[in-house]
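Hi,

Here is the structure I promised to pass on. Have a look at it, and then read my notes below.

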Amino acid sequence: MRCKMIEFQTLTGDNSSKVNPKLTALNVELAQVETEIEKLLDNLTGTNSILLSYANGKIEELDAKRQSLTKAIADMKASTLAPEYAKSISGYLKNWDNVSFEDKRLVVDGLISRINATSESVQIEWKV
């Protein structure tokens, strides 16, 4: 975080909590897809191989849709990040060790779209 935040100069909070209906709709659709995947997985016990192959195909289709929705949600969240907010964050550098966990989480939510971590590497997809 320090390496990324060094690009900015000051920190100002964005306390405006605007509700985005498109984002809400995407989140609802994502929850429905995840519920459908869970139902399919719950019903797989004791099925024959033909039914299992159909279920696998449906699960792959739903998983692709879930990944698409997740990306759309991340993109929409990134696009709603105000440029003024992104340019006004680095004052936290001086106090990062003293900032509460919740405040750090809020900053990370505002700056990071996705973190891909493996045992060998960590990749961070920044919103800024």
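The chain has 6 helices and 2 strands, running α-α-α-α-α-α-β-β along the sequence. Helices (H or I, at least four residues) and strands (E, at least two) are DSSP runs, numbered from the N terminus. Bear in mind that this is a predicted model, where local features need pLDDT of at least 70 and side-chain atom pairs count only at pLDDT 80 or more, while totals for chains, interfaces and linings use all residues. Residues are numbered from 1 along each chain as its sequence is written, and side-chain values use heavy atoms, with hydrogens and water left out.

Of the 128 residues, 23% are buried (under 20% relative accessible area; exposed is over 50%, partly exposed in between; 1.4 Å probe, protein chains only).

The largest nonpolar core has 9 residues: Leu23, Leu26, Leu30, Val33, Ile37, Leu62, Leu69, Ile73 and Met76. A core here is a set of buried Ala, Val, Leu, Ile, Met, Phe, Trp, Tyr and Cys residues joined through side-chain atoms within 4.5 Å. Helix 2 (21–42) and helix 3 (49–79) each give two or more residues to this core, and helix 2 has the largest share, with 5. Leaving out residues up to four places away in sequence, Val33 touches Leu62, Lys65, Arg66 and Leu69 (contact: heavy atoms within 4.5 Å).

Tyr54 is also in helix 3, but this residue counts as exposed because its relative accessibility is 61%.

Finally, helix 6 (residues 101–111) buries Val107, Gly110 and Leu111. They line one face of helix 6, because they fall within an arc of 95 degrees seen down its axis (the arc is that of the directions from the helix axis to the C-beta atoms).

Cheers
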